[in-house]
Amino acid sequence: MVSDKVLIGANISLVIIAILLTLSFFEVTLPSVGQVRYALDRTEPVCVISWKEKFTVFTGEENLDRCCLEARKQLECVKEIKSFDNRIVEWSCRTGSGNALTYSLNSKAYSYCRQQVFWGRK
């Protein structure tokens, strides 16, 4: 004989599967973890392009797509906390060390970039 707890657990599992199949049938897509994390982050996306001692700060989502595309072209993105004009960035994407062109992103911008189709997996 099967206990009541096992039957309740099996029924709940079947209901969850039925809901997921119904959503799939109606082509409803659920957001990924990255999309939810991006939506919950209330900070403004920041991208900083730096060369030697000069830098340009881009804020807002209108410049973010281009910044993501250029950052993706770099050889590596490493977690490196820096400050530009009182804006904190946590990620640096660059081709080399020293006087290399660097794209620095805060966490919100980096999360947005990672969701883009062209970013893929490295």
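Start by selecting Cys77 and Cys93 in this predicted model: a disulfide joins them, with S to S at 2.0 Å. Cys77 sits in strand β3 and Cys93 in strand β4, so the bond links distant parts of the chain, 16 residues apart. The torsion about this S-S bond is about 110°, so the disulfide is right-handed. Check the surface around Cys93 as well: at 0% relative accessibility, it counts as buried.

Now follow β3 (76-84) to the loop between it and β4 and pick Asp85. Its phi is positive, about 50°, although Asp85 is not a glycine. Most residues other than glycine have a negative phi. Is Asp85 buried or exposed? Asp85 is exposed, with a relative accessible area of 52%. Step on to Asn86, which is in the loop between β3 and β4 too. Asn86 has a positive phi near 60°, and with a relative accessible area of 78% it is exposed.

Next stop, helix α3. Colour Leu64, Cys67, Cys68, Ala71 and Arg72: these are the buried residues of α3. Look down the helix axis and they fall within an arc of 130°, so they line one face of the helix.

Select Cys67 together with Cys47; their sulfur atoms are 1.7 Å apart and form a disulfide. Cys47 lies in strand β1 (residues 46-51) and Cys67 in helix α3, so this pair ties together parts that are 20 residues apart in sequence. The link is right-handed, with 60° about the S-S bond. Cys47 is buried at 2% relative accessibility, and Cys67 is buried at 5%.

Then take Cys68 and Cys113, a disulfide with its sulfur atoms 1.9 Å apart. Cys68 belongs to helix α3 and Cys113 to helix α4, so the pair ties together parts that are 45 residues apart in sequence. This link is left-handed, with -80° about the S-S bond. Cys68 is buried at 0%, and Cys113 also counts as buried at 0%. The count comes to 3 disulfides, and the pattern along the chain is 1-2, 3-6, 4-5, counting bonded cysteines.

Finish in the largest nonpolar core, which has 16 residues. Show Leu64, Ala71, Cys93, Leu105, Tyr110 and Trp119, the members that touch the most others. The elements α3 (64-72), β4 (87-94), β5 (102-105) and α4 (107-115) each supply at least two core residues. Centre the view on Ala71: leaving aside residues up to four places away in sequence, Ala71 touches Cys77, Cys93, Tyr103, Leu105 and Trp119.

Technical notes: Residues are numbered from 1 along each chain as its sequence is written. This is a predicted model: local features need pLDDT of at least 70, side-chain atom pairs count only at pLDDT 80 or more; totals for chains, interfaces and linings use all residues. Side-chain values use heavy atoms; hydrogens and water are left out. A nonpolar core is a set of buried Ala, Val, Leu, Ile, Met, Phe, Trp, Tyr and Cys residues joined through side-chain atoms within 4.5 Å. Buried means under 20% relative accessible area, exposed over 50%, partly exposed in between (1.4 Å probe, protein chains only). Helices (H or I, at least four residues) and strands (E, at least two) are DSSP runs, numbered from the N terminus. Contact means heavy atoms within 4.5 Å. The arc is that of the directions from the helix axis to the C-beta atoms. A disulfide is a pair of cysteine sulfur atoms within 2.5 Å.
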